[in-house]
Amino acid sequence: THQCKYVISWSIGITKPTYRNTKCSQCDWIFALYTFLDYDNSENQLFLEEERRMSYLGFRCLEISRWVVCGLIGFLTGLIACFIDIMVEQLTGLKYYVVKENIEKFTAGGGLSISLILWAVLNSAFVMVGAIIVAFFEPIAGGSGIPQIKCYLNGVKIPRVVRLKTLLVKVAGVICSVAGGLVVGKEGPMIHSGAVVAAGVSQGRSTSLKRDFKIFEYFRRDTEKRDFVSAGAAAGVSAAFGAPVGGVLFSLEEAASYWNQMLTWRIFFASMISTFTLNFFLSVYNKNPGELSNPGLINFGSFDRNVRSFVFVLTCECGGPPGGLLGALFNALNYWLTIFRIRYIHRPCLQVMEAMLVAAVTATVSFIMIYFSNACQPLDVVQGEDYPLQLYCDDGEYNSMATTFFNRPEKSVQNLFHNPPGSYHPLTLGVFTITYFFLACWTYGLAVSAGVFIPSLLIGAAWGRLIGIMLPVFPLQIWADPGKYALIGAAAQLGGIVRMTLSLTVILIEATGNVTYGLPLMLVLMTAKIVGDYFEEGLYDIHIKLQSVPFVHSEAPPTSHWLTAREVMSSPVTSFNRVERVGTIVDLLSNTSTNHNGFPVVVSNPAKLCGLILRSQLIVLLKHKVFVELARSKLTRRKLQLKDFRDAYPRFPPIQSIHVSQDERECMMDLTEFMNPTPYTVPQETSLPRVYKLFRALGLRHLVVVDDSNRVVGLVTRKDLARYHLGKHGLEELQLAQT
Amino acid sequence: MQLCKTSAFAVLTVVTLCLSTTVDSDIDNVSDEEDASRYLSGLSPVLLPAVDPLSSSHTLSAVVAQDLEINQTCRNLATIFHDRYIAYADCLVKSARPVGVCLNCFEGYALLSEIYANISNDKDGPGNCRDSLLRSDRLMLIYLLYGNLQNIWRNSACEHCVNTEQQAVKNQTLYFMNERNQSISCFDQYKQENHSDLCVKCKSKYESLNVLYGGMEKNGSLCIDIEDAMNVTRRLWSKNYNCIAPREGMIPVIAVSCFMLFLPIIFYLSSYLHSEQKKLKLIHPKRAKSNNSLMNIQDKFS
């Protein structure tokens, strides 16, 4: 196998990867400090006991409380979206007002360089706040958060990804980066926010705030939490785009790796509540309570149902290839930039500086474009712009380039879709597309919370509209108005960058509120994906790869059937006896070089597999000192229940914090009650795709490999599976590395 | 937003109309003559025309329908509507360019809406003119015609310039027009000479006009007449006489921009040169080399 790649394993305390300088610069770097989530339920005796005790009514209540949790998730996500929207509107409004007044003041006198500096400083100041909280307090809140949620739902435990602090930093960060004029959107982070809300609400407590409401205790398990996080992601999409069905499909297609039918209906409920909450509270904010006209953070406005001609449907398919190409170029550039950032810009202060520089340059570029633009439009008193800037236009006209920058990006997208033909000068659109493309590419991956949806839509809408304006060069009576081509361009560009298919189509259909555009949108997304995939992966997959996450994809790499479990597994395996000495357990758990999380339990003579126990369970057992000797001496001692494990979840203390005295080390621990007595096992000859399927379908974390007399031979974990991938030289194996 | 408001208004109108049709009242003991005279006395300025436009039609159907449907009162009302409609439309067309639809025609509109109100309120009269004139056929021509003119009036935002109750132009509008005429006469005075001279001489007048306009824009007291007058003045000022401010201070702007664009290059270069990279250690994972070496801890211990 081609061994130029390295999987870097987690080493605790380091948040950003650094890489050994290697000649193999083409390598896909993978980074992992990650352990995994237990999506497989441990059916130990405690669990069975609890199930026995639970009445029929109890299960009914559980089902109802799942619905209640989903409703709460939707409601809170909608509220957060509403808060972000209002804050952004207020702050950007203030900024535009100050800058516009300043420019007007200096237009005649010729001190515009001062306005430029003011603008750049204002932008940098906002972005500085946003970058500082991200870089210094919570690096995981950077970016859109979609790759992180995708990994979480795949079963990778990304540290601190669903904590309250992350949510706070995320929300504040998004507000700052959008108000700071960066080429970013606030839609992507909504998905992460929704996921954090879901993970928090479903637990009925906040570990950060040390408050336990004593509700939803049953849901304090990875499996239950995962399902709610899927709902949260869907609610986030739904609030961002006003697309409840799109949200569910996004969760199904893009985010979640595990799914069941009941979940769909509940998640749909969360999505609906989310978009309705946002809609309602925004209408209250806009002083029209009850006029529900803002289902999402972005609103495409209404398109007329008349697609006009069959030719439109056919021509718009041609929007796909350029979308795919531009998307692939975007992803490739961003890939190289991210590698550079990982290698050289990994200190927080450097990251803050970089973000501020990008903000300043964005302001400068915008200013230059406004300054040298001669595109003037007559003022419209009735449907006027919010911040018309005259600059060097004739009196009674405004600089149309300035409106593009003095608007929230969502509004600019809407303008590109709906402004009547003739509103934009082709040159303006061309220059705008190019600069925005590079700025967006440069911005994504900074240490700020920000999404890539809106910039993609804006770039695409600009070149789509440009094409729409150019088409009537061929004097046929078949062309639709340029706004529709802007929609097609936006879809193509977004599809080319993120490569989503079904969910993106539905999101766009719902955002336009028009089923008639379904087929054109679908065709354009399809072609964009086909063309884009030929050159480069989707942006989120690239970032998952660059973070070195051991991601278990939906299928085993092709041509891997010859690999068997014997080659894949780790061996020899560290196992425990059913009744094990405490000292042995403590020593093994404290061994930092191995850092295993799952241990097969065996009965000796002959050493046959009889169960599987997790590190987290052992730690709870050690903490409660469940030793055989103590149980004998103190008969009144309370029996350990499943609740004790749930109370420690999800932040199990490290082994170092558990004190075990010298005497206690000699005690024995009986694991029978606590281990999972029926772990999944495979024989040594099982092929890799078969193992892969088990992991992917059941959400396994550990798979024991046994020989024909049920003796433990090896253990397959997710890291063992994620090592293999299909590269240019056939099947490649990544090596594990550690900083 | 605008659209929403308009549609909301439309809905409201429909609702009101529906309501007013359902309400029936029994007080119609007034005779035709009394009724007509009551109307006519209210319409002082316009004299009754000699020829009735409805009875002057010569088609058979009209002759038949005449006696069946339209009584004299309604016919009189229709005649008045006809005249006033023509007068107002005539005025509108004449004041299309330069726009003067508010200031020139507001009286005509007031008269027209008055007679229309009379027609649409006449639901209790013997002939029920509202029903017979406005809604006895599919086309509802009078309703349509009036609706169109009403739209024109509304779109021109004439209420902002004209006080509809007192039938007079607002003082603010008059003041603005006065100011504007001063600017124009200033332009006329100097336009024969060098244009740059005009720009200097008329600057103060023009700018005060601009400020005035800006103030009116803010408190929403613009109508189409004022907007158009201002647009024409601005176009004269910027396009014809070319009095727009020249681009000044371009060099500092370029210098600052270059500096800003240069900063990232320095940043990336310096971080490339000065950044240290941490070494990284490869882990050799425990793998089964061959079947012989397969041994787990249990085996070792036992």
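Let's start with strand β16 (residues 712-717) of chain A: six of its six residues are buried, so this strand is largely enclosed by the rest of the structure. Buried here means under 20% relative accessible area, exposed means over 50%, and partly exposed is in between, with a 1.4 Å probe and protein chains only. Strands (E, at least two residues) and helices (H or I, at least four) are DSSP runs numbered from the N terminus.

A quick word on what you're looking at: this is a predicted model, where local features need pLDDT of at least 70 and side-chain atom pairs count only at pLDDT 80 or more, while totals for chains, interfaces and linings use all residues. Residues are numbered from 1 along each chain as its sequence is written, chains are lettered from A and ligands numbered from 1 in the order in which they are written, and side-chain values use heavy atoms, leaving out hydrogens and water.

Back to β16(A). Its antiparallel partner is strand β15 (residues 702-706) of chain A, with five bridges between the two; strands count as paired if DSSP finds at least two bridges between them.

Strand β11 (residues 598-603) of chain A runs antiparallel to β12(A), joined by six bridges, and A:Val602 sits opposite A:Leu609 in β12(A).

Now hop over to chain B and helix α10 (residues 203-218), which has 16 residues. Buried in α10(B) are B:Tyr206, B:Leu209, B:Asn210, B:Leu212, B:Tyr213 and B:Met216. They cover an arc of only 165° around the axis, so they're on the same side of α10(B); the arc is that of the directions from the helix axis to the C-beta atoms. Helices α8 (171-190) and α11 (224-240) of chain B are among what covers them. The face turned away carries the exposed residues B:Ser204, B:Val211 and B:Lys218. Just after α10(B), B:Gly220 takes a positive phi of about 65°.

Technical notes. Expected span 1.5 Å × (residues − 1). Contact = heavy atoms within 4.5 Å.
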